[in-house]
Amino acid sequence: MRSLFAIEKVDLAAAVTGAVPLFGLGFVIVRPNRLAEGVAVSLREAAGSLAVVIAVLWLLLIVLAVSAVPGRVRYSIIGITAGTLIPLLLLAAGRQAAMVAASQGTIARVSLGPGFWFSLFALTVILVNSLSGRGQTRSILVAVAVLSAGTVLYLLLSGRLDALSLMREFAQRRSRFFLELRSHLVLAITSVVTATAIGLPLGLLTHRKAATRAPTFFTLNTLQTIPSLALFGILIPVLAALTARFPFLSEVGVQGIGTAPALIALIAYSLLPVVRNTYTGFSTVDPAVVEAGLGMGMTRGQLLIRIELPIACPVILNGIRVALVQTVGLTAVAALIGAGGFGVFIFQGLGQAASDLILLGAVPTIVIAVIADTLMNAVTGVIRPRGLR
Amino acid sequence: MIRLDRVTKEYFGKAAVADLTLTVAEGEFAILIGPSGCGKSTTLRMINRLIEVTRGTIAIDGTNVEHYRPEELRRRIGYAIQNVGLFPHMTVAQNIAVVPKLLRWDESRRDRRTDELLDLFSLDPAEYRTKYPHQLSGGEAQRVGVARALAADPAILLMDEPFGALDPITRESLQIEFARIQRELKKTIVFVTHDIDEAIRLANRIVILKEGRLVQAGTPEAILTAPVDRFVMEFIGTDRALKRLSRLSAADFMVDAPSIGQEMSLSEAGSALADHRYLWVVDGLRRPVGWLDGDDLGSEAATAAEAMTRMDYRTEGIAADATLREALSRMIQGGIRGAPVVDEGGELLGEIRLSDILDA
């Protein structure tokens, strides 16, 4: 006899742990002004009738997670439900903010509360879980995820969320935001590209010459253990001394603070994943393959380009992906030494105890990291030669 | 023709190959053999300059190999190794076409050659062309490996224990298949192995090495009959007489077999038996079904079929392409002094006598 219950553990755990704060903790925080102490408002009070829709959909998630609906249908419905709930929660918060603004004036602020963030996290877990490894439904779920993200973007652009404190912070710094977005991207991409340019040959060297392996990895591992804040700090006096000694350096824009030390530190941190994966990638090439290639009359260069590199490339690209995601996060810290990027808002927000300003720096950083991760995975999937298992 | 003249390879002052002089004639299948560390692989790899000689010269058709760029040299010499080394990211067809591509053959010529080779190695091109190495069995992978070595139709083929990693059954079938292909292609082959049975089965000439020096070189028959010293004798084993038999085929030692039809009456059979010690009894399709000797004549049966000692040609007949060693083993097992040789359909071709084998 078929059981009526078949528990999908991850989805159930996420749905339940998301439900408790969503309905138990404050959904939004209403403050009389930007910096004042706030009052938590529950989902029911904040969203009114929309709260009922959200509650029903959430219940559906939990029921689906324990029911015996056949897999394909179940995962599709779970994914669609989670994908619908994310923009709905945002819309509910945005409407509450608009109401508060209308009744209490524009000085008052409505921030997203713990209930919102926990449930958003739970929904993301459910969406990602249903996306991974469910062959047949994958295309449906990718469409759901894209649609969900598109709706969120539409809500942001349509102005329905403009009354939220986070969006008010954004509105005040609109031009600065895009400036920092640009420097964040430029810093992260420049350092990963440079680290790749250095790391690929270095990784190949550690593969070819065993004697270089231990010192290279010792150095890179040690670099990795230095706290980022400390490394940025250490570089300031070093570079200041260098520019004092060699004035031409300052003519090309090198200073103790700013872009130069940030790039150096970010490149240093990116080297380990790139070099390590390059080394590992080349090590996966069977020595018999190399011997066969040479024995058939390939030159060293032909062997590298036609045989070794294609076999090693999935592992190498994975290293670049790790470096990129890690660097997007670390770049936020670089704002501390004047390099710009979204860290600027984070440190300003910390200084002013304005949590929504911190989020204005943190949320885009996370979004960029997730996009970078997804893109690199897609690129690896396309480039990975067929025939490699 | 490959000529090694006083070739020495030293590593840190210690000789891996010492003063080796050796000629491999065109079309010859030469097998280098010896215990591990005897320098056989080193010697092989010096021919295509994967290893450079310390002293001495190696010449192919009279030209010193150092005359060529190493890559140029290697593209003219086929090379197959124990671990195959197929390129995992390329299909079987792409793997086979590597050297033709390096030699800039055009695509249609490469495709034609690939299919030709797959056919030669009994791999259906339509099925195997687009497979990836991880989809092949060990035996299939090594077939592709050897096909790849033959792709640009090199006159010389170097093979380093190509069948060494295969299970015994696959190894034997590949050896037989490769022997057939070599009869067709007549390449000059230098082949390294540590398996003396493989050497005896395949080689025209066996070169036995020990600690980098040549101990004995000659045809398998010569080495088996006249080992030069204790080392060679021990290396080829105490059953060298038996091993020699595995070089000889049953067909070569077969003599005419006296036979009668199974419907023949016993009295007629009796007169036929006058000239022979026994007669094979065959059925309508000339397949041996039993034998008849003097003792059987005393019976009261009417026909040969009723009086004969029955046998099954499928299990007791010896195939024409079987080795003498196999024939002998069958006879000892069956406790018989003669055995019928049959073709694939079971038809009686002749017989093999124990006394002839002992004389061989």
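Modeller: Let us begin with a definition: a residue is buried when its relative accessible area is under 20%, exposed when over 50%, and partly exposed in between. The model to which it is applied here is predicted.

Biologist: Why is D312(B) called partly exposed?

Modeller: The relative accessibility of D312(B) is 25%. Buried requires a value under 20% and exposed a value over 50%, so D312(B), at 25%, counts as partly exposed.

Biologist: Where in chain B is D312(B) placed, and what separates its C-alpha atom from that of R287(B)?

Modeller: D312(B) belongs to the loop that connects strand 14 (309-310) with helix 16 (313-316) of chain B. Along the chain, R287(B) is 25 residues away from D312(B), and 9.3 Å lies between the two C-alpha atoms.

Biologist: Which residues are in contact with S76(A), once its neighbours within four places in sequence are left aside?

Modeller: They are T137(A), I140(A) and L141(A). Contact here means heavy atoms within 4.5 Å.

Biologist: How do you know that the buried residues of helix 3 of chain A line one face?

Modeller: The residues concerned are L50(A), A51(A), I54(A), L57(A), W58(A), L61(A), L64(A) and A65(A). Viewed down the axis of helix 3 of chain A, the buried residues fall within an arc of 150°, and therefore they line one face of the helix. The face turned away from that buried side bears the exposed residues S49(A), V52(A), V56(A) and L59(A).

Biologist: Against which elements do the buried residues of helix 3 of chain A pack?

Modeller: Their partners are helix 1 (9-24), helix 2 (43-47), helix 4 and helix 5, again in chain A.

Biologist: What makes the span of helix 3 of chain A close to the expected one?

Modeller: Helix 3 of chain A covers residues 49-66, which is 18 residues, and from first to last C-alpha it reaches 27 Å. The expected span is 1.5 Å times one less than the number of residues. For this helix the expectation is 26 Å, and the 27 Å found is close to it.

Biologist: What describes chain A as a whole, in its elements, its box and its buried share?

Modeller: Chain A contains 16 helices and three strands. Along the principal axes, its C-alpha atoms fill a box of roughly 75 × 70 × 30 Å. Of its 389 residues, 49% are buried. Among contacts in chain A with a separation of 6 or more, 76% are between residues 24 or more positions apart.

Biologist: What makes the lining of the largest pocket, with its 49 residues, mainly one class, and how does it divide?

Modeller: The lining of the largest pocket has 40 nonpolar, six polar and three charged residues. Ala, Val and Ile are among the types that count as nonpolar, and the residues nearest the centre of this pocket are A149(A), V152(A), V363(A), V367(A) and I371(A). Helix 16 of chain A gives the most to this lining, with 14 residues. The volume of the largest pocket is about 2300 Å³.

Biologist: How does the lining of the second largest pocket divide by class?

Modeller: The second largest pocket, of about 1100 Å³, is lined by 33 residues, with I176(B), A179(B), R201(B), S246(B) and T323(B) closest to its centre. By class, nine are nonpolar, eight polar and 16 charged. Arg is one of the types that count as charged, so R201(B) belongs to that class. Helix 8 of chain B gives the most to this lining, with twelve residues.

Biologist: Why is a space called a cavity and not a pocket?

Modeller: A cavity is a set of points where a 1.4 Å probe fits but cannot get out, whereas a pocket is an open set. Three cavities of 30 Å³ or more are counted. The largest cavity has a volume of about 60 Å³, and among the residues that line it are M296(A), R74(B), Y79(B) and P154(B). Its lining comprises eight nonpolar residues, one polar and three charged. Strand 6 of chain B gives the most to it, with three residues.

Key
Residues are numbered from 1 along each chain as its sequence is written. Chains are lettered from A and ligands numbered from 1 in the order in which they are written. This is a predicted model: local features need pLDDT of at least 70, side-chain atom pairs count only at pLDDT 80 or more; totals for chains, interfaces and linings use all residues. Side-chain values use heavy atoms; hydrogens and water are left out. On a 1 Å grid over the protein atoms alone, a cavity is a set of points where a 1.4 Å probe fits but cannot get out, and a pocket is an open set with protein on both sides within 12 Å along at least five of seven lines; lining residues have an atom within 4 Å of a point. Grid points are joined across faces, edges and corners, and a volume is the space filled by probe spheres set on the points. Helices (H or I, at least four residues) and strands (E, at least two) are DSSP runs, numbered from the N terminus. Buried means under 20% relative accessible area, exposed over 50%, partly exposed in between (1.4 Å probe, protein chains only). The arc is that of the directions from the helix axis to the C-beta atoms.
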